[in-house]
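Subject: Structure handover

Hello,

Here is the structure I said I would pass on.

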Amino acid sequence: MARIRLGMVGGGNEAFIGGVHRIAARLDDRYELLAGALSSTPERAQASGAALGLPRIYDDFKQMAIREARLKNGIEAVSIVTPNHMHYPVAREFIKRGIHVICDKPLTSTLADAKKLVKAAESADALFILTHNYTGYPMVRQAREMVADGEIGKIRVVQVEYPQDWLTEAQDFKQAAWRTDPERSGAGGSTGDIGTHAHNLARFITGLEVESLAADLDAFVQGRRVDDNGHVMLRFEGGAKGMLWCSQVAPGNENALRIRVYGDKGGLEWAQEDPNYLWHTPLGAPKRLITRNGAGAGEAAARMSRVPPGHPEGYLEGFANIYAEAADAIEARRDGRAPGADVLYPTILDGLRGMEFIDACVRSSARNAAWVKL
Ligand SMILES: NC(=O)c1ccc[n+]([C@@H]2O[C@H](COP(=O)([O-])OP(=O)(O)OC[C@H]3O[C@@H](n4cnc5c(N)ncnc54)[C@H](O)[C@@H]3O)[C@@H](O)[C@H]2O)c1
């Protein structure tokens with residue numbers, strides 16, 4: 001099978017996530033990075049493209065979209081790894097030309113842009129993959145499968161948290177500067193940056209949508225214009241209740257995403273910093289530790305796993321799993337078939353749900369943590 005011809009927007013020299021996407025795309029040898037508009041100025045875009053030895057380097061994303069769509073062997077897919085406010089304008093240019101989009105989260109910087117992008121995607125002949133990468137971890141797939149199989153019964157309680165500490169004090173380096181600027185980040189700070197990951201993970205594992213929420217958001221650092229801590233109570237469809245905590249001001253926490261889900265027959269617990277293990281607590285029986293590729297791990301986890309149990313897999317492999325599933329879907333589209341039912345990458349609609357989550361948190365908090373519907 002010919003490799004998928006890939007382009008990238010954002011991810012220039014000194015950027016963070018662009019490099020992760022490039023590794024993820026290469027891990028299974030299914031993509032070839034051929035073109036890029038990697039930075040916001042022509043000079044930096046050229047220098048960044050040259051540093052990677054890209055065959056086709058563009059000064060800006062619009063020029064890239066127009067030219068690539070006209071080339072006989074132009075790119076088939078583009079990765080968008082810019083700050084949030086650029087996701088919409090960039091994605092729109094590629095998707096309307098039939099180029100598949102692999103975009104990082106959150107979907108956009110405003111709910112209005114997210115709705116416009118969903119409309120654009122509906123009328124486009126292209127796929128939209130959103131890299132909520134935590135859904136690509138084998139033991140997250142295991143948890144989802146166990147919930148779907150009824151192993152913990154009817155879900156009652158969901159506790160999910162994503163604390164970090166890197167914005168505990170005012171920071172002005174590049175990644176901090178745009179994330180704390182509502183024009184570039186969007187109305188949510190920690191809610192948008194990491195709360196959306198927690199919200200998406202809870203939805204992915206439980207299969208339940210949040211119907212309403214009450215959020216208490218703070219910007220603890222003086223002068224900060226977006227939230228850096230959020231406590232959110234959640235009411236899910238079907239009656240389950242949840243609590244979500246996101247924080248970028250919790251000293252000692254790095255990327256401590258953790259979820260616990262409890263049903264009437266048992267519970268599940270997974271932590272991103274120890275990702276090869278899933279605790280299963282069946283009611284009235286001893287706790288079971290399920291290991292990646294180990295005894296008790298099922299098919300959904302095995303598909304997402306590359307090396308034998310005991311050899312750690314983590315962030316990069318989880319990211320690569322989203323790229324692998326995107327490749328499954330893109331190749332299926334090339335051949336005019338549907339991808340397998342086990343392809344579960346997050347879509348533009350998951351992105352829209354994330355934007356609704358941020359919007360609801362901000363609205364609720366502005367009304368003294370009143371309950372609001374999503
Ligand atoms: N899924 C994850 O785990 C994860 C982790 C980190 C960041 N992210 C997301 O990835 C995105 C980028 O975050 P980051 O930390 O890498 O940011 P960053 O500031 O490190 O990198 C952003 C890059 O985009 C480039 N850029 C800005 N405007 C551009 C334009 N108009 N055209 C082309 N390039 C442009 C910048 O020059 C830079 O190279 C954000 O949306 C963020 O939320 C996701």
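**What I found**

Alanine 369 counts as partly exposed, because its relative accessibility is 28%, which falls between the limits of 20% for buried and 50% for exposed. Please keep in mind that this is a predicted model. Alanine 369 is in the loop between α12 and β15, and its phi is positive, about 65°, although the residue is not a glycine. Asparagine 368 is placed in the loop between α12 and β15 as well. Asparagine 368 also has a positive phi without being a glycine, in this case about 60°. With a relative accessible area of 72%, asparagine 368 is exposed.

Is valine 372 buried or exposed? Valine 372 is buried, since its relative accessible area is 4%. The residue belongs to strand β15. Valine 372 and alanine 214 are 158 residues apart in sequence, but their C-alpha atoms are 6.4 Å apart in space.

**The sheet and its helices**

Strand β15 is part of an open sheet of nine strands with mixed pairing. The order across the sheet is β14-β13-β12-β11-β7-β10-β9-β8-β15. Which strands are at the edges? They are β14 (288-291) and β15 (372-373), each of which pairs on one side only. As background, strands of a sheet pair through backbone hydrogen bonds, and the pairing can be parallel or antiparallel. Strands β11 (residues 258-263) and β12 (residues 266-271) run antiparallel and are joined by five bridges. Within this pair, arginine 260 has glutamate 269 of β12 as its bridge partner.

Helix α6 (residues 138-148) packs on the sheet, where it touches β7 (155-163), β12, β13 (277-282) and β14. The direction of α6 makes about 25° with that of β13. Helix α12 (residues 348-366) lies across β8 (210-218), β9 (229-236), β10 (241-247) and β15. The angle between α12 and β8 is about 55°.

**A pair of helices**

How far apart are the axes of α3 and α4? The axes of helix α3 (residues 61-70) and helix α4 (residues 87-95) are 9 Å apart, and the two helices pack at an angle of about 10°. Angles under 35 degrees count as roughly parallel, so α3 and α4 are roughly parallel to each other. On the α3 side the contact is made by Phe61, Lys62, Met64 and Ala65, and on the α4 side by Pro89, Val90, Glu93 and Phe94. Sorted by class, this contact has six nonpolar residues, two charged ones and no polar ones.

The peptide bond from lysine 105 to proline 106 is cis, with omega near -15°. Proline 106 is in the loop between β5 (100-103) and α5 (111-122).

**The protein as a whole**

The secondary structure comes to twelve helices and 15 strands. Along its principal axes, the C-alpha trace spans about 60 × 50 × 40 Å. A compact globule of 374 residues would have a radius of gyration near 21 Å, so the 20 Å of the protein agrees with that. Of the 374 residues, 54% count as buried. Among contacts between residues at least 6 apart in sequence, 69% join residues at least 24 apart.

Regards

Note on methods:
Residues are numbered from 1 along each chain as its sequence is written. This is a predicted model: local features need pLDDT of at least 70, side-chain atom pairs count only at pLDDT 80 or more; totals for chains, interfaces and linings use all residues. Side-chain values use heavy atoms; hydrogens and water are left out. Axes are lines fitted to C-alpha atoms, for helices over the stretch in contact, and angles run from 0 to 180 degrees between N-to-C directions. Helices (H or I, at least four residues) and strands (E, at least two) are DSSP runs, numbered from the N terminus. Angles under 35 degrees count as roughly parallel, over 145 as roughly antiparallel, 65 to 115 as roughly perpendicular and the rest as oblique. Contact means heavy atoms within 4.5 Å. Ala, Val, Leu, Ile, Met, Phe, Trp, Tyr, Cys and Pro count as nonpolar, Asp, Glu, Lys and Arg as charged, and the others, Gly among them, as polar. Two strands pair if DSSP finds at least two bridges between them. The radius of gyration is taken over C-alpha atoms; the globule rule is 2.2 Å times the number of residues to the power 0.38. Buried means under 20% relative accessible area, exposed over 50%, partly exposed in between (1.4 Å probe, protein chains only).
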